[in-house]
Amino acid sequence: MSRLLVTGSEYRTIPLACQLFQSREPLPLDCGRSLETFQIAYQTYGELNADKSNAILVCHALTGDQHVADRHPMTGKPGWWETLVGPGKPVDTTRYFVICSNVIGGCMGSTGPASINPATGKPWGLDFPVITIDDMVRAQTRLIDHLEISELFCVLGGSMGGMQALEWCASYGERVFSAMPIATAARQSSQNIAFNEVGRQSVMADPEWRGGRYLEDGTNPAKGLAVARMAAHITYLSDDALHRKFGRNLQNRQKVTFGFDADFQVESYLRYQGISFVDRFDANSYLYITRAMDYFDLAADCDGVLANNFTGTKTRFCLVSFTSDWLYPTRESRAVVQALNAVAANVSFVEIESDKGHDAFLLHEPELFDTVRGFLESARAKRGLPAAGRA
C-alpha cells in the first residue's frame, strides 16, 4: 500500500509496508456520527500461540504510528520503541505476539482526515468527524476481533498510548489480563490543553492550510505544523536535559549574529525537529489527535469518580512515571493508582528517577526496561505462559 504526501504543490507516493484491516461495519463515534467504513494499518511481531493468550497490544503516542519495532518506511529510522520491543528485549517478540496499530485519525494508513471520503471522492479534511481516545480504542477492538483474540495478555503504552491502555481497561477490562500505562494521565490537564491549542492555532494560521483543504489545493501548511512540533517538543524535555545537551552553546559560530538566525544549538535542534516532522505527518491529523487527547477524561462519565471505571476489575496493573516529566507528572499516575486501590485492584507503581523529561519513556532508561520485563514476567507466570522460548 502507499499514502500520498504533499510537499509544496506536488504529491509524493510513499510505500508503506504494513498490514491492513478493513472494516465494513459502521463505527459509532462519541461525537454522534459514524464512520461507515474504516481501515486500520498495523504491524505484528512474533508469533501468536495456539490458544492466542500471548498477545500484547502496544499503543502509540501522539506522533507515533504502527512501526514500533521495525524500520520506518518514510524516515528510514528504527522503530519508535525498538529499545523496548524485539527479540530478547523487555517486550520479547520471541515470547509474545506484539500488535501495534496506527490510530484512526492518524496518517500512516489508518482512516483519518487525509483519507478519501467515499461520499465525495476527495480527502476528508475537516469533514472528518472529531474523534476521541474511546473511539480509537473502539476501532482497535475491531482489529483484535479480526485477529480472533478474545483476551489481550497486556496493553502497553506511553503518553497518549497510556491513555489508550487506561481506556481499554475502563471500557473492555474483561479483555485485558494486564496493563502498563506509562507517563500518562486519566484526563488531559488544562495546561496540556493549552499547549495543544497553541499547536493547532499555529497550523491553522498558516495560509497554506486553506481551511483544512490543502490536499485538494496541492499545498501544505508545513511552516505552521513545524512550529507546532517545535512547541510540543519543548514539553517533552526537561530543563536539565536541555541544559545538559545544549546549554547556551552557539551553532556553528563564535559569537551571536545580532539577528534572528539560529544562533543557539537549541534553536537549530528545534528547527530540525519541526522540519523533519512535516515530512511524515499530516497537519489535519495533528489537529484531530491533539483534540482527542484534550477530550480525554475517564472520570467524566462516572460521576467524576475515577475509581468507578474499574469496579470489579481483574486486570493486573503497573503504572510508571518519571520524576522530571512535567507534561504528565507523577501526581497524575498516583491519582490512577489511588483509584485502583479504592476498588482493590491488583496494582503496582514505579516512579523512575530521570532528568530526561516526558520523553524518558522512549529513551534508554534501564530501570524502565527492568520494570517492564519484571511486570510481564510476573503476569506471564500468573497467566501460565511458558517461562522460556516461544510463548
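Helices here are DSSP runs of H or I with at least four residues, strands are runs of E with at least two, and both are numbered from the N terminus. Under that scheme L215 is found in helix 4 (residues 214–217).

This is a predicted model, in which local features need pLDDT of at least 70 and side-chain atom pairs count only at pLDDT 80 or more, while totals for chains, interfaces and linings use all residues. Residues are numbered from 1 along each chain as its sequence is written, and side-chain values use heavy atoms, with hydrogens and water left out.

**Stop 1: the domains**

Colour the chain by domain, using bounds that come from an automatic or database domain assignment. Domain 1 covers 3–192 + 296–383, and domain 2 covers 194–290. Their centres, taken over C-alpha atoms, are separated by 25 Å.

**Stop 2: L215**

Go back to L215 in helix 4. L215 counts as buried because its relative accessibility is 11%; buried means under 20% relative accessible area, exposed over 50%, and partly exposed in between, with a 1.4 Å probe and protein chains only. Next, draw a distance from the C-alpha of L215 to that of Q338: the two atoms are 46 Å apart, and the residues are separated by 123 positions along the chain.

**Stop 3: helix 1**

Select residues 133–146, the 14 residues of helix 1. From first C-alpha to last, helix 1 reaches 20 Å, close to the 20 Å expected at 1.5 Å a residue; the expected span is 1.5 Å times one less than the number of residues. Helix 1 is mostly covered, with eleven of its 14 residues buried. Among them are M136, V137, L143 and I144, as well as the charged residues D134, D135 and R138. Just after the helix, E148 takes a positive phi of about 60°.

**Stop 4: salt bridges**

Side chains of opposite charge can pair when their charged atoms come close. A salt bridge is counted when a side-chain nitrogen of Lys or Arg is within 4 Å of a carboxyl oxygen of Asp or Glu. By this rule the count comes to 23.

Start with K89 and E82, whose closest N and O atoms are 3.4 Å apart. K89 is partly exposed at 28% relative accessibility, and E82 is partly exposed at 29%.

Move to E377 and R95, which form a salt bridge at 2.1 Å, N to O. This pair links distant parts of the chain, 282 residues apart: E377 is in helix 10 (residues 366–383), and R95 is in the loop between strand 9 (91–92) and strand 10 (97–101). E377 is partly exposed at 27%, whereas R95 is buried at 15%.

Then select R383 and E151, another salt bridge, at 3.4 Å from N to O. R383 lies in helix 10 and E151 in the loop between helix 1 and strand 13 (154–158), so the pair ties together parts 232 residues apart in sequence. R383 is partly exposed at 29%, as is E151 at 23%.

**Stop 5: a nonpolar patch**

Finally, show the surface of F195, I234 and W326, which make a nonpolar patch of about 250 Å². Patches consist of residues with over 30% relative accessible area and no salt bridge; like charges are joined within 9 Å, and nonpolar side chains (Val, Leu, Ile, Met, Phe, Trp, Tyr) within 5 Å. Accessible areas come from the Shrake-Rupley method with a 1.4 Å probe, and for residues only the protein chains shown count as cover. W326 sits in the loop between strand 15 (316–322) and helix 9 (330–342) and is partly exposed at 33% relative accessibility.
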